[in-house]
Amino acid sequence: QRLASAFYYRKSSPSHSLHSTSDNDLQHALTAEDALAEEGGGAERVEKQHAKGKLTARERLHLLLDVGTFCEWDRLVVSRDHVHDAPGARRDIAGTPGDGVVTGHGRIHGRPVFVYSQDFTVAGGSLSETHAEKICKVLDRAIESRAPLIGINDSGGARIQEGVLSLGGYAEVFKRNVLASGYIPQISVIMGPCAGGAVYSPALTDFIFMVRRQSNMFLTGPEVIRAALGESVTSEQLGGADTHTRRSGVAHVACDDDVDALQRVRELLSYLPSWWMGDAPRLPTDDPPEREDAVLDRLVPADPNEAYDMREVIERVVDGEEHFEIQPDWAPNVITTFARIDGRAVAIVANQPRHVAGCLDMDASVKAARFVRFADAFRLPIVTLVDVPGFLPGTQQEHHGIIRHGAKLLYAYTEASSPKLTVVTRKAYGGAYCVMSSKHIRGDLNSAWPSAEIAVMGARGAVGVLHRGDSADELQAHEAEYARRYLNPLTALRRGFVDCLLQPRRTRAWLAQGLELLQRKGVDSSREPMLPKKHGNIPL
Ligand code: HXC
């Protein structure tokens, strides 16, 4: 009350405002207000947050950003109901300065980023009208400044007491997520609850990180599900990190704890440009671009039905074996990962023969399609490693729309005008040959290992169609003949559908050279012309 009256005295009595005592009182008032912002929901709630293994909103930003670079905005912003309160005065929790979210900007690896971090200790990090305005402000500035936006979510959702004002606030955030999509990278880190429509802001962003056994994402929680459907499910089962990174494909990276998640976000950013016209940082490497790897020459087994690990191919080809995998545990039959070759960031899509023989199913198609679209939006070169026997057959796939989902991948690859480099390591059968960045859909540089089998289908399937009714011995002979004639890269090479036969050990050198050749593609006048239209209609 003393601080409050000092503040109002200064405002209403200019003659006294020059008096040093009032100035001191104002300083005290501001300091007190600042302290309230700093302590958020107070020591007890912070302790509760720590007891759950969670860091506070500010501690998280401290770990996320380069040391000493965080510049906070709107630290003293309060919800509309509290805007006339005396500074420093104790109020209900919803009147805490900062209004449950810490926002501002800083640097990651020296590059500017914008951030918000919801403070669960203040009204459960719930989103009020002003809380939303703070997020919108950093989103607007991120777009203007052409810098990535990272949002740390730890919130009970719409602030119940503010009703439709908070719903409107969410919609304002959603709108900006959409406008920023493809312009700047947007990353969401889910570090606590994220329920109701609140999940849609993260879902509109490019990548979602979750923390195991700590964060949840769902539209309706376990209680509502129990009441409405009689189903019993825990929050973790319903919308935990494992659920969303293994079953639903909603999230992209599952992390062990807050520290792990924030370090991984920093790592991911090292592969990305700050905005769509910027270049991803080229990092110096000790790994020579010409490095050959003899193991690659014998990696593909002689038996075409035997699996091998495509991840090993990736690791033997990229700089220092390092890469950052997106959705490693969902649809593992296709690998989507960021890496660097000769210091240049690339997006790698690779069939994984170790899972369902590398077939493309619905989830794999959607996973790869979204990854290709991200890479293309941000002009990252797309490297495709092909070993795919086709789309996964079966009623389950057909009835759930493999045609529609597979078309997404076809559309994404065809639409993509980023540099596209393709290596066929083994099978490239049927529609999957066309889809996986073939020359026909604007692949720039296409090569094939001697083990490549570029054909309509495998021997057994082909012979079954062409020689139905023949004896077992005859079928075997037909299969051998079919394999000899068709299961190789020869026709594709003779027609120029692949540019060259590539000795596996030379793959890294071929990619490094290709990336250098194509480095200006998509920049200024070399951009491929598109038909004038509002936008295409990707089969969603
Ligand atoms: C206001 C909220 C709040 C909310 C939590 N709190 N959620 N205040 N609005 N939505 C407050 C609590 O009152 C409490 O205040 C503090 O945050 C911590 O909450 P607890 O319940 O004690 O914590 P915990 O046990 O960890 O449970 C967390 C929780 C639970 C699972 C998030 O609070 C919860 O179920 N909240 C409601 C979730 C929800 O249904 N939200 C609306 C979703 S719909 P004190 O003062 O005690 O610290 C939605 C629509 C968005 O978001 C639409 C967009 C289009």
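**Ground rules.** This is a predicted model: local features need pLDDT of at least 70, side-chain atom pairs count only at pLDDT 80 or more, and totals for chains, interfaces and linings use all residues. Residues are numbered from 1 along each chain as its sequence is written, and side-chain values use heavy atoms, with hydrogens and water left out.

**Stop 1: the whole protein.** Show the cartoon. There are 21 helices and 15 strands. Helices (H or I, at least four residues) and strands (E, at least two) are DSSP runs, numbered from the N terminus. The C-alpha trace spans about 105 × 55 × 45 Å along its principal axes. Of the 540 residues, 52% are buried. Buried means under 20% relative accessible area, exposed over 50%, partly exposed in between (1.4 Å probe, protein chains only). Take contacts between residues at least 6 apart in sequence: 73% of them join residues at least 24 apart. Contact here means heavy atoms within 4.5 Å. Switch to the surface. The accessible area is about 24600 Å², and carbon and sulfur atoms hold 55% of it. Such areas come from the Shrake-Rupley method with a 1.4 Å probe; for residues, only the protein chains shown count as cover.

**Stop 2: strand β5.** Select residues 186–190. Five of the five residues are buried, so the rest of the structure largely encloses this strand. In a regular strand the side chains alternate between the two faces of the sheet. In β5, Gln186, Ser188 and Ile190 are buried on one side, and Ile187 and Val189 are buried on the other.

β4 and β5 pair in the parallel sense over five bridges; strands pair if DSSP finds at least two bridges between them. Leucine 149 stands opposite glutamine 186. Now trace the chain from β4 through helix α7 (residues 164–180) to β5: this β-α-β crossover is right-handed. That means that, with the strands pointing away from the viewer, the path from the first strand over the helix to the second runs clockwise.

Isoleucine 187 stands opposite phenylalanine 207.

**Stop 3: the ligand.** Show the 20 residues around the ligand; Arg45, Gly124, Gly156, Ala158 and Ile160 come nearest. A residue is near if one of its heavy atoms lies within 4 Å. Helix α7 returns here: three residues of the shell come from α7, the largest share.

Now pick out oxygen atoms of the ligand. One lies 2.7 Å from a polar side-chain atom of arginine 45. For a polar side-chain atom of lysine 52, the distance to a ligand oxygen is 3.2 Å. At glycine 124, a polar backbone atom is 2.9 Å from a ligand oxygen. The ligand on its own has 1000 Å² of accessible area, and the protein covers 55% of that.

**Stop 4: glutamine 327.** Go to the loop between β8 (323–326) and β9 (334–341), where glutamine 327 lies. Glutamine 327 counts as buried, at 5% relative accessibility. Its side chain reaches the backbone oxygen of glycine 249 at 2.9 Å. A polar atom of that side chain also lies 3.3 Å from the backbone oxygen of alanine 251. Not counting residues up to four places away in sequence, glutamine 327 touches Gly249, Ala251, His252 and Lys367.

**Stop 5: glutamine 397.** Select helix α15, residues 395–399, which holds glutamine 397. At 7% relative accessibility, glutamine 397 counts as buried. Leaving aside neighbours within four places in sequence, glutamine 397 is in contact with Asp361, Met362, Leu392 and Ile402.

Terms used:
Polar contact = N/O pair within 3.5 Å; in protein donor to acceptor, adjacent residues only side chain to side chain.
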